[in-house]
Amino acid sequence: MTAPVLDFTAPLADQLAEGSRLIDQFQRELDQARLDEPLIRAWNGVPELQHIIRYDDSVDLSEIENDVAGGKIVVDGDHPAASWLWKIKNRLDAGETIDIFITVDYVGLRPSYRVNDVVMDVDDLGNVKITVLLEHDYGQLTSRTLWPTPTTPAGFQPFKIWLLGGPAHWAAATSLWINLARAHGYPNIGWTSDPVSITDADYRNWPIVIKPFSYKEAEALGVTDGLVDSRMKNWHEACAAMLNDANVTTVLRRYLPGDELPWPGAKVSYGTLVVAFEYQGDMADDVTGGLAEGIGQLIRIFLNSVVEGFGGNSPLPVETGEELLTGQPVPPAYQEPGKIGSVPTRPYVFFPAGSPGIQKFKAQVTLARGRRFTAGGHSMPGVVSPPS
């Protein structure tokens, strides 16, 4: 679709007429694009194109603004992509990558997803369905921790909380950038107080990059000021609410072979996830402002942080929570050929495909997810705190 262009130097009557024509033209092009079939592609972790998925049984995909969405794709067992999607162990044994990415090109957009689970269903007639369960690439941002002092080693964190203020999307982008640099190496850009604005940095070793924009550009848009505060929060926890308040949308797009560069002069590798921030401005539902709204948000963040901190007898924010750890090792008895019976603590039975009496069955393969466990205390390295 062509981008509408309006000549604001023309007389007002001509601007209105031309604007109406451009709106009609854009709507016609959009309606035509919606008639096209979505281009659904499956990639390995290199990335290399493996299959274009057509004639699928069903597709259910979603996107949520500034949050993790999901979806699923179901294909018949005789679909050309079905065997490749299911035979993950074969690829692992062959030394190939087992990661699977799905991209969907439709009406100029490209949501992308990582495959979390692959499920095979066989009914009583022997019909096979392969279902892939997906997580939107926004999930990659939920595993990115914002360190209190990201420029120092993990064992030495002199500042106990990360704070950065400014236009909301600039603060969020800069916080993400400096923690990406911590994990994947600082590009040779010299000293700068605005690293997100650098357009010629070498990001070819980064799996995630941020489309550059400067502090001055962010300020000129009139985006509400915000404050990123993190004591080992992930990026989503620290920034999503602030971006929603400021009417800023996080837009993700994977850079793939055949694409134009994400920005002029970009040095990125194929498969890189490019993060951009779009200010919705007056088109958004909520009316945003500047200083007053920003101060209100800062007060809310500070009060929430203090209240959280009181729960741990500390005036600073303390993240607390519980997470159930599941998955137990298989008892050795189940791995002995010819062994009959079951272990009472873990009853288990397995019927191979095609066993007599089996009418239908389901099998599921779950791929590894990105998870990060960080543990530590308040003392410097080598200093042991006395018991309380």
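**Exercise A**

Determine which residues Gly166 touches, not counting residues up to four places away in sequence.

*Solution.* Step one is to apply the criterion of contact (heavy atoms within 4.5 Å). Under this criterion Gly166 touches Ala171, Tyr215, Thr224, Asp225 and Gly226. The model examined here is predicted: local features need pLDDT of at least 70, side-chain atom pairs count only at pLDDT 80 or more, and totals for chains, interfaces and linings use all residues. Residues are numbered from 1 along each chain as its sequence is written, and side-chain values use heavy atoms, with hydrogens and water left out.

Step two places the residue. Gly166 belongs to strand β8, where strands (E, at least two residues) and helices (H or I, at least four) are DSSP runs numbered from the N terminus. Step three concerns accessibility: Gly166 has a relative accessible area of 12% and is therefore buried. The scale reads buried under 20% relative accessible area, exposed over 50%, and partly exposed in between (1.4 Å probe, protein chains only).

State how many helices and strands the protein chain has, and what percentage of its residues count as buried.

*Solution.* The chain has seven helices and 13 strands. Of its 388 residues, 38% count as buried. A further step considers contacts with a sequence separation of 6 or more: 64% of these are between residues 24 or more positions apart.

**Exercise C**

Locate Leu146 in the chain and decide whether it is buried or exposed.

*Solution.* Leu146 sits in the loop between β7 and β8 (162-167). Its relative accessible area is 0%, so Leu146 is buried. Leaving aside neighbours within four places in sequence, the contacts of Leu146 include Ser175, Leu176, Val228, Met232, Trp235 and Cys239. For Leu146 and Met232, the separation is 86 residues in sequence, whereas their C-alpha atoms are 5.6 Å apart in space.

**Exercise D**

Find how many residues the largest nonpolar core has, and which of them have the most contacts inside it.

*Solution.* Begin with the rule: a nonpolar core is a set of buried Ala, Val, Leu, Ile, Met, Phe, Trp, Tyr and Cys residues joined through side-chain atoms within 4.5 Å. The largest such core has 44 residues, and those with the most contacts inside it are Leu141, Trp177, Tyr203, Val228, Trp235, Cys239 and Phe277. At least two residues of this core come from each of β8, α4 (168-184), β9 (208-210), α6, β11 (248-254) and β12 (273-279). The largest share, ten residues, is supplied by α4.

Next, consider one member, Val228. Beyond neighbours within four places in sequence, Val228 is in contact with residues including Leu146, Trp162, Ala171, Ser175, Cys239 and Met242.

**Exercise E**

Name the buried residues of helix α6 (residues 235-245).

*Solution.* They are Trp235, His236, Ala238, Cys239, Ala240, Met242 and Leu243. The two ends of the helix are then inspected. At the start of α6, the backbone nitrogen of His236 has a side-chain oxygen of Asn234 within 3.0 Å. After α6 comes Asn247, whose phi is positive, near 60°.

Work out how many salt bridges the count comes to, and where the partners Asp57 and Lys129 lie.

*Solution.* A salt bridge requires a side-chain nitrogen of Lys or Arg within 4 Å of a carboxyl oxygen of Asp or Glu. By this rule the count comes to twelve. One of them pairs Asp57 with Lys129, the closest N and O atoms being 2.9 Å apart. This pair links distant parts of the chain, 72 residues apart: Asp57 is in the loop between β2 (49-52) and β3 (58-61), and Lys129 is in strand β7 (residues 128-136). Asp57, at 41% relative accessible area, is partly exposed, and Lys129, at 27%, is also partly exposed.

Lys129 also meets Asp76 in a salt bridge, at 2.4 Å from N to O. Because Lys129 lies in strand β7 and Asp76 in strand β4 (residues 70-76), this pair ties together parts that are 53 residues apart in sequence. Asp76 is partly exposed at 29%.

A further salt bridge joins Asp202 to Arg204, with closest N and O atoms 2.6 Å apart. Asp202 is partly exposed at 35%, and Arg204 is partly exposed at 48%. Finally, salt bridges with shared partners join Arg41, Asp105, Arg110 and Asp259 into one network.

Key
Polar contact = N/O pair within 3.5 Å; in protein donor to acceptor, adjacent residues only side chain to side chain.
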